[in-house]
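Hi there,

Here is the structure I promised to pass on to you. Have a look at it first, and then read on for my notes.

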Amino acid sequence: MFNHLIGLVYPVFLLQNFIPQLANMSSWYISIIKFLPGHIFVCMIGNYKLNLHILEKCNHHCGFCFAHYHLNNFMNLDDSYKVIEKAAESKMFYEVNIAGGEPLMFPKIEKVIQHIKDCNMNVSIITNGSLLDEEMLDKFLHNLTTIGFSIHSFNERTNQALGCCTSDGKTLKLEKLIRVCDYIKKNSDCKIKLNTTVNSMNKNELMAPIIKRLPYSRYKILKCQEYENNKRFCVSDQEFENFCKINGNLPNAVIEKDMHSTYIMVNPAGDLIQNHPTKPEYTTLGSALNDNFLELLKKLPLNEELYRTRYN
Ligand code: SF4
């Protein structure tokens, strides 16, 4: 049975080498279900997104941030190339999402973006937007499929209270966000995604009227996940639902209450890591730099149903 499935999949592997677009089609995938003693491994070829957390550093200090890997360093450029190449060779990923920390603080970010593109994968990036301007966009916009902005409030004081600001209290101004979004739309086909993490300080904010004026393709509402010392920013299920009630009825809004087992991520040390449903910390599954990617992914318990809701 398994040999027959491999027989079906292998020609598509070969075809991908000649028709790179096949590797870029997010809707295209083939599933092999391989039964191993004691567990089931589900392998979805070419249908995953890899989140490359290229650095931990950020110019903001949001109190609810879960991007703490206790590494406080950058992935070096060569290592980022190596992880990207291994991800491409595995044929498991149609896209690499560059995340952080704040990825725009990575000194050669346009090279990382170019390398992902050269490896025939889509590139997306998630940013707090504060460092982004037209000059920076000109370096890499043509290579991006999606830019995601993390926008947790439109109120300056709320952002400052949350730590969504620089150390001297500067927040991303709405005028700048509008200007940058317009520039992206006028100069590229890049999609704009907006993310809001619902927390104890924005839980009653009506954000929808401003969000709907922005040229977004997807608006994602996430629930603040408990992580180390961020308990005071967390909200109850009821509070989360209330926020979704007043802000979630926008076109293309996606509500994400639980992020566990729906996220494939590599940290700045090049390790594949996993978040936990019960523990506010990460587990290292192995090295994406040195280990076999397919073997590593077998160790990652993904909730396929939640994963598809998250990305489709
Ligand atoms: S902008 Fe993002 S990475 Fe930076 S502190 Fe805030 S949540 Fe964390």
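How many helices and strands are there in the protein chain? The count is 11 helices and 12 strands. Please keep in mind that this is a predicted model. Of the 312 residues in the protein chain, 35% are buried. Among the contacts with a separation of 6 or more, 70% are between residues 24 or more positions apart.

The sheet

An open sheet is built from 10 strands, and their order is S9-S8-S7-S6-S5-S4-S3-S10-S11-S12, with mixed pairing. At its edges are strand S9 (253-256) and strand S12 (282-287), each of which pairs on one side only. As you will know, strands of a sheet pair through backbone hydrogen bonds, in either the parallel or the antiparallel sense.

Both senses turn up here. Strand S11 (residues 271-275) is antiparallel to S12, and 5 bridges connect the two. One of the residues involved is Leu272, whose bridge partner in S12 is Gly286.

Strand S3 (48-53) has parallel partners. S3 runs parallel to strand S4 (93-99), with 6 bridges between them, and parallel to strand S10 (265-266), with 2 bridges. S3 is largely enclosed by the rest of the structure, because 5 of its 6 residues are buried.

S6 is paired in the parallel sense with S5, over 4 bridges, and Ser124 stands opposite Thr146 in S6.

Helices on the sheet

Helix H3 (residues 77-90) lies across S3, S4 and S10, and runs at about 155 degrees to S4. Helix H9 (residues 237-247) also packs on the sheet, where it touches strand S7 (191-198), strand S8 (218-223) and S9. The direction of H9 makes about 165 degrees with that of S8.

Which residues of H9 are buried? They are Phe240, Phe243 and Asn247. These residues lie on the same side of H9, because the arc they cover around the axis is only 60 degrees. On the face of H9 turned away from the buried side, you will find the exposed residues Asp237, Gln238 and Lys245.

Around the ligand

Which residues are around the ligand? The list is Cys58, His60, His61, Cys62, Cys65, Ala67, Gly100, Gly101, Glu102, Asn128, Ser150 and Cys164. Sorted by class, this shell has 5 nonpolar, 6 polar and 1 charged residues.

Two members of the list, Gly100 and Gly101, deserve a look at the backbone as well. The peptide bond that joins Gly100 and Gly101 is cis, with omega of about 10 degrees. Gly101 lies in the loop between S4 and helix H4 (109-118).

Loops worth a look

Asn120 is not a glycine, but has a positive phi of about 65 degrees. This residue is in the loop between H4 and strand S5 (122-127). Asn120 has 16 other C-beta atoms within 10 Å, so it is partly exposed.

Asn252 is another residue other than glycine with a positive phi, in this case near 55 degrees. Asn252 is in the loop between H9 and S9. Is Asn252 buried or exposed? Asn252 counts as exposed, because it has 11 C-beta neighbours inside 10 Å.

Finally, Asp258 is in the loop between S9 and S10. With 13 other C-beta atoms within 10 Å, Asp258 is partly exposed. The C-alpha atoms of Asp258 and Gln225 are separated by 7.8 Å, and these two residues are 33 residues apart along the chain.

Happy viewing, and best wishes

Note on methods: Residues are numbered from 1 along each chain as its sequence is written. This is a predicted model: local features need pLDDT of at least 70, side-chain atom pairs count only at pLDDT 80 or more; totals for chains, interfaces and linings use all residues. A residue is near a molecule or strand if its C-beta atom, placed from the backbone, lies within 6 Å of it. Ala, Val, Leu, Ile, Met, Phe, Trp, Tyr, Cys and Pro count as nonpolar, Asp, Glu, Lys and Arg as charged, and the others, Gly among them, as polar. Two strands pair if DSSP finds at least two bridges between them. Two residues are in contact if their C-beta atoms, placed from the backbone, lie within 7 Å. Axes are lines fitted to C-alpha atoms, for helices over the stretch in contact, and angles run from 0 to 180 degrees between N-to-C directions. A residue is buried if 20 or more other C-beta atoms lie within 10 Å of its own, exposed if 12 or fewer, and partly exposed in between; C-beta atoms are placed from the backbone. The arc is that of the directions from the helix axis to the C-beta atoms.
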